[in-house]
Amino acid sequence: MPYSLFLSIAAVAVWLAACTSTSRPLATVPAVDLDRYYGRWYEIARLPNRFQAMCVSDTQATYRADGSAVAVANQCRTATGRIEQADGIAKVVAGSRGARLKVSFFRPFYGDYWILDLDPDYRWVLVGEPGRQYAWILAREPKLDAATQMALLARAAELGFDRQAFILTPHTPATR
């Protein structure tokens, strides 16, 4: 199945999850300086999801300003060694001070991208959505120290995500 089809299915799933969620409210960080957030982020860990099922390593995302929106480029390596890329767009949710975005890889469907925890120096981030079905730990480098990684997994659990379900993302030296 093409990567774009996975993304469209995922967008619909996120939207439906957000519509039916009865979980307690999910807090985000108070504000995000998007100028500092822009750039490359490496996926350290994620909750498994259908739209990334083909990704086996080297998953990363690059964010950049695109007018009043945020351009998003996600890529990963598949089991065959091929690099898959998906390009999308994100919009900042009004009043969120950059901590909540709506991301789309297949318009008109948008999914929530909420920044739940963020290093003061923008070296790592915990991202999720209010239905708690999707979450990612991202870092500026392909590796994150074990103590920080464990702390972020613990934070995800505190917020109601399934800590045990997170899978780690390997990175090869060529992706750095």
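Modeller: Let me start with the overall layout: the chain has 3 helices and 9 strands. This is a predicted model. From the N terminus on, its elements run α-α-β-β-β-β-β-β-β-β-α-β.

Colleague: How many of the 176 residues of the chain count as buried?

Modeller: The share is 51%. As for contacts between residues at least 6 apart in sequence, 54% join residues at least 24 apart.

Colleague: Let's look at the aromatic residues. Why is the pair of Tyr-37 and Tyr-63 called tilted?

Modeller: The whole structure has 7 aromatic pairs. In the pair of Tyr-37 and Tyr-63, the ring centres are 5.5 Å apart and the planes stand at 50°. Rings pair if their centres lie within 6.5 Å, planes under 30 degrees apart count as stacked and those over 60 as edge-to-face, with the rest tilted. The rings of Tyr-37 and Tyr-63 therefore make a tilted pair.

Colleague: What makes this pair a tie between parts of the chain?

Modeller: Tyr-37 belongs to helix α2 (residues 34-37) and Tyr-63 to strand β2 (residues 55-66), so the pair ties together parts that are 26 residues apart in sequence.

Colleague: How do you know that the charged end of Arg-100 sits over the ring of Trp-114?

Modeller: That charged end is 3.8 Å from the ring centre, and the distance limit for Arg is 6 Å from CZ. The charged end of Arg-100 does count as sitting over the ring of Trp-114.

Colleague: Arg-100 also touches Val-92. Is Val-92 buried or exposed, or does it fall in between?

Modeller: Buried means under 20% and exposed over 50%. Val-92 has 35% relative accessibility, so it counts as partly exposed. Val-92 lies in strand β4 (residues 83-92), and Leu-34 is one of its contacts beyond four places in sequence.

Colleague: Which backbone oxygen lies 2.7 Å from a polar atom of the Arg-140 side chain?

Modeller: It belongs to Arg-36. The backbone oxygen of Tyr-38 lies 3.3 Å from a polar atom of that side chain.

Technical notes
Residues are numbered from 1 along each chain as its sequence is written. This is a predicted model: local features need pLDDT of at least 70, side-chain atom pairs count only at pLDDT 80 or more; totals for chains, interfaces and linings use all residues. Side-chain values use heavy atoms; hydrogens and water are left out. Helices (H or I, at least four residues) and strands (E, at least two) are DSSP runs, numbered from the N terminus. Buried means under 20% relative accessible area, exposed over 50%, partly exposed in between (1.4 Å probe, protein chains only). Contact means heavy atoms within 4.5 Å. A polar contact is a pair of N or O atoms within 3.5 Å; within protein, one must be able to donate a hydrogen and the other to accept it, and residues adjacent in sequence count only if both atoms are side-chain atoms. Rings of Phe, Tyr and Trp (its six-membered ring) pair if their centres lie within 6.5 Å; planes under 30 degrees apart count as stacked, over 60 as edge-to-face and the rest as tilted. A charge sits over a ring if NZ of Lys or CZ of Arg is within 6 Å of the ring centre and within 35 degrees of the ring normal.
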